[in-house]
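Please keep the structure open beside you as you read.

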Amino acid sequence: MTKNITADDIVKEENLVYKKTPVLTDNVMHYCPGCGHGTAHRLIAEVIEEMNIQPETIGITPVGCSVLMYNYLDIDMQGAAHGRAPALATAVKRLMPEKFVFTYQGDGDLAAIGTAETIHACNRGENFTIFFINNGIYGMTGGQMAPTTLPEMRSSTSPYGRDVKMMGNPLKITELVARLPGTYYVTRQAVHTPVNVRKAKKAIRQAFESQKLKKGLSLVEIVSNCNSGWKMSPVQANKWMVENMFPFYPLGDIKLEGRLLNKE
Amino acid sequence: MKELKLMKGNEAIAEAAIRAGADAYFGYPITPQSEILEYLMLERPYERTGMIVLQAESEVAAINMVYGGAGCGRKVITSSSSPGISLKQEGLSYMAGAELPCLVVNVVRGGPGLGTIQPSQSDYFQAVKGGGHGDYRLIVLAPQSVQEMADFVGLGFDLAFKYRNPAMILTDGALGQMMEKVWLDEQKPRLKDFPSWATTGKSADRERNIITSLDLDPLKQEKHNFNIQAKYKKMKEDEVRFEMIECDDAEYIFVAYGTSARICQKSVQLARERGIKAGLLRPITLFPFPEKPLKELGRQVKGMLAVEMSTGQMVEDVMLAVNGRVGVEHFGRMGGVIPSPDEIVVALENMIKKISKS
Ligand SMILES: Cc1ncc(C[n+]2csc(CCOP(=O)(O)OP(=O)(O)O)c2C)c(N)n1
Ligand code: SF4
Ligand SMILES: [Mg+2]
């Protein structure tokens with residue numbers, strides 16, 4: 001006679017291969033299924049746990065789909081006006097230089113309305129970290145064109161595709177700030193596969209670690225899908241991202257230890 | 001021990017900020033207030049007290065730096081002049097919504113637009129009615145001397161922290177640029193203990209702190225608004241500050257603040273020499289506005305003349321206070337023109353003629 005295996009037989013410390021980090025709250029995330037924001041939040045939370053810096057970390061949220069990030073991370077957080085997170089972080093880090101300070105911003109927030117704050121915080125070499133979620137669109141407001149929207153890409157305000165003659169070119173702000181002397185570590189990652197998740201987590205860790213050196217700003221761009229805004233299923237969206245976004249926004253480190261890696 | 005110095009109004013504000021134990025100043029140059037940032041950079045307060053001074057890339061960035069610092073429970077100050085204050089409005093609205101204290105100095109110049117760099121009082125509405133979007137108010141202090149420029153820095157910080165609301169010193173280019181002697185307070189230590197709501201890092205013994213002005217639930221947002229309004233009501237009860245000069249037997253009074261109030265003191269004297277029983281009510285807090293004393297004076301006097309370096313903004317609050325009980329008129333110069341004591345008396349005489357005819 002074989003014994004039936006129950007949940008109690010399986011849920012044991014020695015069988016534990018993964019658990020939710022306590023730095024994530026139990027609140028249910030409001031993100032669309034398949035969206036990269038949730039994964040990015042989790043990785044940041046896990047790194048905070050692993051570095052044991054929960055009491056030392058202050059995060060600044062943007063205006064965008066991740067405006068409610070403070071509901072999900074169990075750390076002190078401030079919500080900024082649209083685009084101004086780097087200004088808040090500048091003050092927070094200067095007033096508390098021993099803390100770990102980060103902003104979390106979408107592409108509209110960081111590369112359109114907040115361009116000045118982004119560039120000047122980078123150029124001043126502020127010792128905080130920017131997590132930049134580039135989904136090529138304004139997710140929160142319903143899929144309008146972003147500064148990062150690809151040429152010919154459709155959005156609700158470029159319904160026939162982005163006509164660069166009329167609407168201007170997409171802005172590679174990450175490459176731009178990598179050229180500024182104030183940035184120390186600049187990288188572009190993705191979170192759509194387990195391999196990429198592991199790499200992105202390593203980058204997030206490196207960004208936080210580099211704050212200890214006080215040698216300048218660290219920026220981790222995460223190219224992510226906005227399946228709702230792109231009007232695709234999550235699977236289609238990730239495929240489209242790999243085929244269209246990655247060639248324009250190639251993944252990998254752009255600047256290490258203050259030195260540009262000459263990829264382009 | 002207090003210290004006596006000869007200083008410009010702008011410099012007095014900067015020095016008073018250091019001595020009040022401010023933690024940070026963020027600002028962007030604009031005439032006629034650049035001396036505040038210049039003085040701070042020259043004084044190196046980061047060596048004197050550890051206070052941070054940073055020239056921001058814009059007024060927008062500066063006010064959002066103020067937000068970040070205030071969110072950490074720090075005493076943060078910024079200053080600008082009219083066009084720059086317009087740029088700070090979004091940030092101030094967010095700070096009022098998030099209930100963050102800070103001190104903002106507006107050394108007003110004539111507008112609209114780029115206007116002039118000469119003194120004006122044309123930002124009254126913007127200062128006392130909210131200024132940015134949403135239902136909120138700033139605590140507004142109106143100094144009339146270099147001494148008060150210095151004194152109101154400490155007072156402004158105290159009120160801002162007491163009510164968790166931004167406070168503003170509303171002054172003008174004349175007071176900012178003119179030199180007078182000023183008694184400066186002793187150096188106060190910077191805060192070491194921060195308010196319980198500040199984002200100083202979530203220690204194991206408390207819940208996380210979140211600074212935000214967002215609530216997507218309308219009923220919660222409404223409740224939040226009621227709470228904020230309750231603070232403004234309390235300010236109206238407890239924080240009204242004003243000065244009355246020669247009002248006891250007055251038949252006519254000037255109502256004026258800041259530079260205009262200073263000029264009106266001379267006009268009171270000139271008017272009395274000409275046999276007019278004139279007085280002056282000087283609001284010191286513009287929000288909360290001295291409604292009660294004006295209402296009471298409304299029963300006593302035959303007319304009120306609001307004197308402002310604008311087309312007439314505060315005059316509306318004077319009218320609301322007296323509620324039709326007595327005639328209220330406005331006299332003002334604008335675009336950077338400062339009225340003389342004589343022309344103010346002539347304006348008063350014209351008002352008296354009009355009243356005695358009707
Ligand atoms: C001053 C201001 N302008 C406009 C908006 C409206 N708005 C909210 S989010 C957003 C765009 C967000 O896009 P992005 O930063 O790319 O974030 P995502 O939602 O894609 O993650 C805009 C325009 C606002 N809240 N404030
Ligand atoms: S709208 Fe786009 S960015 Fe926002 S949650 Fe949905 S998929 Fe994510
Ligand atoms: Mg986006």
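1. Let me begin with one side chain in chain B. Arg262(B) is partly exposed, with a relative accessible area of 32%. Here buried stands for under 20% relative accessible area, exposed for over 50%, and partly exposed for what lies in between, using a 1.4 Å probe and protein chains only. The partner of Arg262(B) in a salt bridge is Glu180(B), with the closest N and O atoms 2.4 Å apart; a salt bridge is a side-chain nitrogen of Lys or Arg within 4 Å of a carboxyl oxygen of Asp or Glu. The pair ties together distant parts of the chain, since Glu180(B) sits in strand 8 (residues 179–184) of chain B and Arg262(B) in helix 11 of chain B, 82 residues apart. Glu180(B) is buried, at a relative accessible area of 19%.

2. A word on what you are looking at: this is a predicted model, in which local features need pLDDT of at least 70 and side-chain atom pairs count only at pLDDT 80 or more, while totals for chains, interfaces and linings use all residues. Residues are numbered from 1 along each chain as its sequence is written, chains are lettered from A and ligands numbered from 1 in the order in which they are written, and side-chain values use heavy atoms, with hydrogens and water left out.

3. Helix 11 of chain B deserves a look as a whole. Helices (H or I, at least four residues) and strands (E, at least two) are DSSP runs, numbered from the N terminus. Helix 11 covers residues 258–273, and its 16 residues reach 24 Å from the first C-alpha to the last, close to the 22 Å expected at 1.5 Å a residue; the expected span is 1.5 Å times one less than the number of residues. Its buried residues include Ile263(B), Cys264(B), Val268(B) and Leu270(B). Contact means heavy atoms within 4.5 Å, and the elements that the buried residues of helix 11 pack against include strand 7 (166–172), strand 12 (278–283) and helix 14 (341–357) of chain B. After helix 11 comes Gly275(B), with a positive phi near 85 degrees.

4. Which residues of chain B join into one salt-bridge network? Glu3(B), Lys5(B), Glu15(B), Arg19(B), Glu43(B) and Arg48(B) are linked by salt bridges that share partners. Over all chains, the whole structure holds 43 salt bridges.

5. Chain A has its own pairs. Glu46(A) and Arg42(A) form a salt bridge with the closest N and O atoms 3.0 Å apart, and both lie in helix 2 (residues 36–51) of chain A, four residues apart, about one turn of the helix. An α-helix has 3.6 residues a turn, so residues three or four places apart point the same way. Glu46(A) is buried at 6% relative accessibility, whereas Arg42(A) is partly exposed at 24%. Lys20(A) and Asp26(A) also form a salt bridge, at 3.1 Å between the closest N and O atoms; Lys20(A) is partly exposed at 41% and Asp26(A) exposed at 69%.

6. Now the interface. The contact draws 33 residues from chain B and 34 residues from chain A. About 2,600 Å² is buried between the two chains, with carbon and sulfur atoms giving 60%; buried area is the accessible area (1.4 Å probe) that two parts lose on being put together, summed over both. Glu57(B), Lys202(B) and Arg208(B) supply 24% of the area that chain B buries against chain A, more than any other three residues. Four salt bridges are counted between the chains. Asp74(A) and Arg208(B) meet in a salt bridge across the two chains at 3.9 Å, N to O.

7. For ligand 2, the surrounding residues include Cys32(A), Cys35(A), His37(A), Cys65(A) and Cys226(A), where near means a heavy atom within 4 Å. The shell divides into five nonpolar, five polar and no charged residues.

8. Lastly, is Pro119(B) buried or exposed? Pro119(B) counts as buried, at 7% relative accessibility, and lies in the loop between strand 5 (102–108) and helix 7 (124–128) of chain B. Beyond residues up to four places away in sequence, Pro119(B) touches several residues, among them Val108(B), Asp172(B), Met309(B) and Ile338(B).

Methods:
Nonpolar A, V, L, I, M, F, W, Y, C, P; charged D, E, K, R; others polar.
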